[in-house]
There are 2 protein chains.
Amino acid sequence: MARRPPIGNRIRALREQHGNMSQAALAEAIGVTRQTVIAMEQGRYSPSLESAFRISRVFGVGVEDVFSWTEPPDS
Amino acid sequence: MARRPPIGNRIRALREQHGNMSQAALAEAIGVTRQTVIAMEQGRYSPSLESAFRISRVFGVGVEDVFSWTEPPDS
DNA sequence: ATTCTTTGTAAAAAACTTTTGACATGTCAA
DNA sequence: TTGACATGTCAAAAGTTTTTTACAAAGAAT
């Protein structure tokens, strides 16, 4: 059922801050497809740790400057 | 074929620094199985970003204090 | 008005991560 | 030497992410 993960991201804002980098350009830069960037940006699922590292390095920041995690209430 | 990902981790060392926490105890603390901890620790695959966050918080450090990424030569 | 770019949707298949369960080994201590 | 505990292997199934392909809408483009 693939619920929305409790991880937020600032990908869109970072793209804008980097010369209005397009989703397609970011996808190519990190070696994934555009669909993957769209899904991550929309929070439909959380990326692999490897993709997270690649994205953060493209923007020259740390992983936790791109992605944030809030502990879900322990069900 | 699930090649070994270019991500290293210091999970074992951090477990030891935290009172010789067992793999089973870590697994329970982050809500995964022991098999998953073993596989991550051995670098057989890289965890989800969510698991990475949970692990780092158990040890009270940042994601990049647990996991490291070295850019692979662009094949 | 058509061309180009960007963003978006959708669905199936492929790839990868995680779980489940069973079993093996070594150590430690009692 | 039994019992508990820690780590490890293996394999199949289940769950999640990523790819692939195709199409749609909006804006700039001028």
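Me: How many helices and strands does the secondary structure of chain A come to?

Reply: This is a predicted model. In it, chain A comes to 5 helices and 2 strands. Read from the N terminus on, its elements run β-α-α-α-α-α-β.

Me: What share of the residues of chain A count as buried?

Reply: A residue is called buried when its relative accessible area is under 20%. By that criterion, 40% of the 75 residues of chain A are buried. As for the surface, chain A exposes about 4400 Å², with carbon and sulfur atoms supplying 47% of that area.

Me: How many aromatic pairs does the structure hold over all chains?

Reply: Two rings pair if their centres lie within 6.5 Å, and planes under 30 degrees apart count as stacked. Over all chains, the structure holds 2 aromatic pairs. In one of them, the ring centres of Phe53(A) and Trp69(B) are 6.1 Å apart and the planes stand at 20°, so this pair is stacked.

Me: Why does the pair of Phe53(A) and Trp69(B) join two chains?

Reply: Phe53(A) belongs to helix 4 (residues 49-58) of chain A, while Trp69(B) belongs to strand 2 (residues 67-69) of chain B; the pair therefore joins two chains. Phe53(A) counts as buried because its relative accessibility is 0%, and Trp69(B), at 11%, also counts as buried.

Me: Why is the pair of Trp69(A) and Phe53(B) stacked?

Reply: The ring centres of Trp69(A) and Phe53(B) lie 6.1 Å apart with the planes at 20°, so the pair is stacked. This pair crosses between chains, from strand 2 (residues 67-69) of chain A to helix 4 (residues 49-58) of chain B. Trp69(A) is buried at a relative accessible area of 11%, and Phe53(B) is buried at 1%.

Terms used. Residues are numbered from 1 along each chain as its sequence is written. Chains are lettered from A and ligands numbered from 1 in the order in which they are written. This is a predicted model: local features need pLDDT of at least 70, side-chain atom pairs count only at pLDDT 80 or more; totals for chains, interfaces and linings use all residues. Side-chain values use heavy atoms; hydrogens and water are left out. Helices (H or I, at least four residues) and strands (E, at least two) are DSSP runs, numbered from the N terminus. Buried means under 20% relative accessible area, exposed over 50%, partly exposed in between (1.4 Å probe, protein chains only). Accessible areas come from the Shrake-Rupley method with a 1.4 Å probe; for residues, only the protein chains shown count as cover. Rings of Phe, Tyr and Trp (its six-membered ring) pair if their centres lie within 6.5 Å; planes under 30 degrees apart count as stacked, over 60 as edge-to-face and the rest as tilted.
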